[in-house]
Amino acid sequence: MKQVFSLLEKSWSGSPVQFAWQKTLGNFLAVTGGDRAVKIFDRHGQKKNEISLPGNCVAMDWDKDGDTLAIITDKSSAIFLWDANTNKTSQVDSGMSSFHMLPSVCLKITIGEEYPNKFIRTSVSSDPSDMQFSVMKTDERISTKESTVSVVVGKKTLFLFNLNDPDNPIDLKFQQPYGSIVTYRWYGDGYIMIGFSRGCFVVISTHIREIGQEIFQAHNHKDNLSSIAISQSLNKAASCGDNCIKIHDLADLREMYAIINLDDENKGVDQLAWTDDGQLLAVSTRRGSLHVFLTKLPVLGDACSTRIAYLTSLLEVTIANHVERTGIIHYFYIEDWQYVNEYRHPVSVRKIFPDPNGTRLAFIDDKSDGFIYCPVNDRLYEIPNFSPTIKGILWENWPMDKGVFVAFDDDKVYTYVFHKDAIQGSKIILAGGTEVPFSYKPLLLYNGELTCQTQSGKTNNIYLSTHSFLGNLKDLGPNELTRMLTQALMLKRFSEAWEVCRLLNDQSGWNELAKACLHHMEVDFAIRVYRISGNAGMVISGNAGMVMSLEQIKGIEDHNLLAGHLAMFTSDFNLAQDLYLASSCPIAALEMRKDLQHWDSALQLAKRLAPDQIPFISKEYAMQLEFSGDYINALAHYEKGITGNNKYQEHDEACLAGVAQMFIRMGDIRRGVNQAIKHPSRLLKRDCGAILESMKQFSEAAQLYEKGQYYDKAASVYIRCKNWAKVGELLTHVSSPKIHLQYAKAKEADGRYKEAVIAYEHAKQWDSVIRLYLDHLNNPEKAVNIALKHFMKSPSTEDNLAIEMAIETVGRAKDEALTNQLIDYLMGESDGMPKDAKYLFRLYMALKQYREAARTAIIIAREEQCSGNYRNAHDVLFSMYSELKTQKIKIPSEMATNLMILHSYILVKTHVKRGDHMKGARMLIRVANNISKFPSHIVPILTSTVIECHRAGLKNSAFSFAAMLMRPEYRNKIDLKYKKKIEAMVRRPDTTEAEEPTTACPYCAFQLPECELLCPGCKNNLPYCIATGRHMLRDDWTVCPHCDFPALYSEFKNMLQTENICPMCSERINIVDLKKINDCTQYLKAEDGDQ
């Protein structure tokens, strides 16, 4: 909105003014203040007349045609009239002493000119004000006459009185937060716009079905609203309040058409009025000033030849010659006073905007497209996403921010950056946009701060949203900092980006900064980034290598060569190739493709740049094609790689080898084999043989292996195709036992056992030799001799299958001499080194000498027990016990006792785990009483015994074993966690302990302690329960379904609720398989002692 003029008379100062536009034409504006005068101005602000009054003006208005202005005062009964046509003033006496505004609560309305004395009266609840006539909205328009009276009542209610329906007046009340009614205006088809004191306005309809409903509501002003105005010709509505005017489009009230700020009016605005044609809008203020704005410009223009004239303001005409706009831009050098550059644009250039240095020029052409022109290299760059509404361009004036400029229209400022030195080439990018307040005109851009001129003529600053990284960043979170980093990098503000990365302290941030530095060819800064990120412990892939690479290239002056290196570092290899080829060192493109193993591209480049390298690249390319399975093309490139030059003999041999391999892989086996045989390389014959073997061409594969002197491989392949004659020929050359073994297995598979035995002997597979003598050649004596011979030579293999077979063989042979020979060896008679007793045990078992086996088992168990391997010792004794029981041989008492003690120890863990500390303590007492049998864990077992006895309340037993632990040889080995408690137990002994419960002996019914296993009455060793360790009871007897060891039925059943394995044999037991035995006589045979 353009301001046409402002009025501020000295005599008006400090108080509001009244004003009234001339109706219809709007050529005159009548204004009065507190100076007892009415001044008449034309629409350009020129004073045309001044009417002096005897008092202050109470009211004034124009007639409906705008010919006469009527004025009344508070000091006279006269009505003053001013004729707009003659510019003369006259008076008419009203007959009243004076004019005053008298409040009333009664409306008196004349309803027709033909009945001048007829009135309608109606009462209202409070003081009425602002009476207006209009027509309410109806479904069918009965009359166009103004039949509705509206009036504000008590500043809170709008009263509507329809003359056609006087019995049903309408009283409209509004929400209390709106404040009081300031003013209202009718418009359109029965709509009313109402302004409220607290800054909002509301639109309602007077249609009877819609009445009482708010059609639209807007809070236009923060503190107050003082006036509203409606222009039917413009179809616009305006409200004023605080110190601004806001204009809406009546077609869509949500659309804000314009905002006019009056920054100098610190007291606020007052009244608002439009001319009838909507061209001018006047607003008065509380300090006594008046401003007139142009809201609609008449369409006025004409042409003469190629020149046109058109109205650009009420008093301004613009003339333009269209033919002269040719689109030519000249650069003129003042010192030499001559043109130095010329650019011809395809269409006319509308506006130009040179940068501060004059090295770049922005311009807008007649198509509303924007461009940047660089006269130094005569290059033109189109500005992307350039809005056709753009009115101007400003360049950044901060010296460190070259290349940044903004384009602006009425609503927004768009930030652009001209990236001149980038590896992809120069280009312009849109960095973002910033909203600008209405009527702000950008004047200057400096370091992201845009200085604008406001409508009042003052300046105001706006910070571009694209430069928000220049603010305080310390309190921002990671997401905001990441956004700031993106902004800084887009504007090439690398120092600011460095600070953002430092605050982010994140690898990805440094990565982005480093990538941007490479993109913009800022090599030195990139080196700094890679170094700092490496020192800070960040890992930007290949930091050290990248720093070294950048250091090597930073001195390169050739722009394309440097850009090519940087493009390669960023993995943009196609761009790097183009840049290398455009540089002074095009061969760099070939070297890059070779380093990347892009052999296809390298071949294409070599044809143009280095033809002598084609054979060597062809060979590399062929190897790559071979690896990927493209054998046809690989063959072609191997053949191209052959130079025929003795200087490159090794290279040519590699190519010929490749040719031979490709022939074979493509199925031309004859040519491939012949080529390989001719070739001097043994390795080629081996490789071709491997290919043929994978293709199941065994005969040809074996032939090449043999020609290459790979006899082991040749023999192996001949074996696969059962060419035994060839295998026999080669065996003298075969050194690998594996081949002999393979041959032996083949012979064995064919049933040729004698030949297989010989081959197994060559392969030193003694297990197989013995197995064949035993299983197929029926010669156990030979088997035993070989086993013993081999065993004596290789003592380190004493635990292997050969000895097991020797023992089995001796058992089957029943030869006393062989038996004695093996026993002597196992006892160490021959070499003074006794062997593991388990072999002797197995030998006795094989010979069915069970008593000797039992004695050996006791020895083995004792060794395991001394080593602390109690479960192993238990299992050895249990297995021997079970074997003797099966063979119905009497169990040695030592074996039975040792098994019982070991089993008691194993039960401890089960009882403690189930929380039964009494049973655990009883078993530990039994173990502790035989502590010499547990030499590896004396102190830990005694400690556990003390703890469990204490938990079970067996204080005297706990004291006894605690005292034992205080012996000098044990005391220092006690775990520190328990040492003080045990010492305290000994210092302050508590010997209270309940007697152990007694139960009946299963033999003689003598009552003895339940864990006692020797009956004082009948002197029998009592069978013990494998679940509890207690002695058995006749009436509570069961046995394990697997090992047949006895258990108390009730206790075993209870244990199996949580433990589903037998504690003796470790076999799984289903509780339903457990049976109670009513007659246990068969399990109670008297024990006679060892035999």
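The protein has 33 helices and 46 strands. The structure is a predicted model.

Along the principal axes, the C-alpha atoms of the protein fill a box of roughly 165 × 105 × 65 Å. The radius of gyration of the protein is 58 Å, whereas a compact globule of 1091 residues would have a value near 31 Å.

The next topic is a pair of helices. Two packed helices are described by the distance between their axes and the angle between those axes. Helix α1 covers residues 478-490 and helix α2 covers residues 494-504. Their axes come within 9 Å and cross at roughly 160°. Angles over 145 degrees count as roughly antiparallel, so α1 is roughly antiparallel to α2. The crossing in which α1 passes α2 is left-handed.

Which residues of α1 and α2 make the contact? On the α1 side they are P478, L481, T482, M484, L485, A488 and L489. On the α2 side they are F494, A497, V500, C501, L503 and L504. Sorted by class, the contact of α1 with α2 has 12 nonpolar residues and 1 polar residue, with no charged residues.

Conventions: Residues numbered from 1 in each chain as written. Predicted model: local features only at pLDDT ≥ 70, side-chain atom pairs only at ≥ 80, totals over all residues. Heavy atoms only, no water. Axes fitted to C-alpha atoms, helices over the stretch in contact; angles between N-to-C directions. Helix = DSSP H or I, 4+ residues; strand = E, 2+ residues; numbered from the N terminus. Parallel < 35°, antiparallel > 145°, perpendicular 65-115°, else oblique. Left-handed = near helix turned anticlockwise from the far one by under 90°. Contact = heavy atoms within 4.5 Å. Nonpolar A, V, L, I, M, F, W, Y, C, P; charged D, E, K, R; others polar. Rg over C-alpha atoms; globule rule 2.2 N^0.38 Å.
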